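User: I'd like a close look at one part of this model, and I'd enjoy a connected walk through its surroundings. Here is what I have on my screen.
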Amino acid sequence: STHGEQAPFGLAVISYPNLRQMERDHGAGFVDRTRRNLLRRAVELVNPDIHASGSSSDYLLANEADAGDLRARAEAALKQAATESAVDLEPRCEILTARDIF
């Protein structure tokens, strides 16, 4: 169940549609370091309960999350991380709640 706009959890899925092309253009090691820095910054600013990485996406899980607030914090984190990086990995952020998954 949910309480108003609060959902049991919010999941920010950060994907990198052009990841493979970026690796070819800039080198896999450089892109991996840039992505790890982006995720570190997102974790600092979003303050999720759990975070994880997959092969082409990163995940930030926030319990008792307001989807709009989570989206705003995640997008702000990605913008700030992009300004700190020499290469824009062009991340995309999608917010999923329990209603989207179950």
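In which strand does Asp58 lie?

Analyst: Asp58 lies in strand E3. Here helices (H or I, at least four residues) and strands (E, at least two) are DSSP runs, numbered from the N terminus. Before going further, please keep in mind that this is a predicted model, in which local features need pLDDT of at least 70 and side-chain atom pairs count only at pLDDT 80 or more, while totals for chains, interfaces and linings use all residues. Residues are numbered from 1 along each chain as its sequence is written, and side-chain values use heavy atoms, with hydrogens and water left out.

Let's begin with Asp58 itself. Its relative accessibility is 1%, so Asp58 counts as buried. The term buried stands for under 20% relative accessible area, exposed for over 50%, and partly exposed for what is in between (1.4 Å probe, protein chains only). The side chain of Asp58 has a polar contact of 2.5 Å with the side chain of Tyr16, and another of 2.9 Å with the side chain of Arg35. A polar contact is a pair of N or O atoms within 3.5 Å; within protein, one must be able to donate a hydrogen and the other to accept it, and residues adjacent in sequence count only if both atoms are side-chain atoms. Not counting residues up to four places away in sequence, Asp58 touches Ala12, Val13, Ile14, Tyr16, Arg35, Leu39, Ala52 and Ser53. Contact here means heavy atoms within 4.5 Å.

Next comes the partner Arg35. This residue sits in helix H2 and, at 10% relative accessibility, Arg35 counts as buried. With residues up to four places away in sequence left out, the residues that Arg35 touches include Tyr16, Leu19, Asp58 and Leu89, along with the run Ser53, Gly54, Ser55, Ser56 and Ser57. Thr34, also placed in helix H2, counts as buried at 10% relative accessibility. Beyond its neighbours within four places in sequence, Thr34 is in contact with Ser85, Val87 and Leu89.

Arg35 also takes part in helix packing. Leu19, Met22, Glu23 and His26 in H1 meet Ala28, Phe30, Val31 and Arg35 in H2. This contact has 5 nonpolar, 1 polar and 2 charged residues, where Ala, Val, Leu, Ile, Met, Phe, Trp, Tyr, Cys and Pro count as nonpolar, Asp, Glu, Lys and Arg as charged, and the others, Gly among them, as polar. H1 (residues 19-26) and H2 (residues 28-46) pack at an angle of about 125 degrees, and their axes are 7 Å apart. Axes are lines fitted to C-alpha atoms, for helices over the stretch in contact, and angles run from 0 to 180 degrees between N-to-C directions. H1 and H2 are therefore oblique to each other, given that angles under 35 degrees count as roughly parallel, over 145 as roughly antiparallel, 65 to 115 as roughly perpendicular and the rest as oblique.

The other partner, Tyr16, leads us to the core. In the largest nonpolar core, which has 22 residues, Ala12, Tyr16, Val46, Leu60, Leu70, Leu89 and Cys93 touch the most other members. Such a core is a set of buried Ala, Val, Leu, Ile, Met, Phe, Trp, Tyr and Cys residues joined through side-chain atoms within 4.5 Å. At least two residues of this core come from each of strand E1 (6-15), H1, H2, strand E3 (57-66), helix H3 (67-83) and strand E4 (92-97). Cys93, leaving aside its neighbours within four places in sequence, is in contact with Ala12, Val13, Arg71, Ala74 and Leu78.

Pro91 is found between H3 and E4 and is buried, with a relative accessible area of 16%. Setting aside its neighbours within four places in sequence, Pro91 is in contact with Ile14, Ser15, Tyr16, Leu38 and Leu78. Glu90 lies in this loop between H3 and E4 too, and has a positive phi of about 55 degrees although it is not a glycine.

Finally, back to strand E3, where Asp66 is also found. Asp66 is partly exposed, with a relative accessible area of 28%, and its side chain reaches the backbone nitrogen of Asp69 at 2.7 Å.
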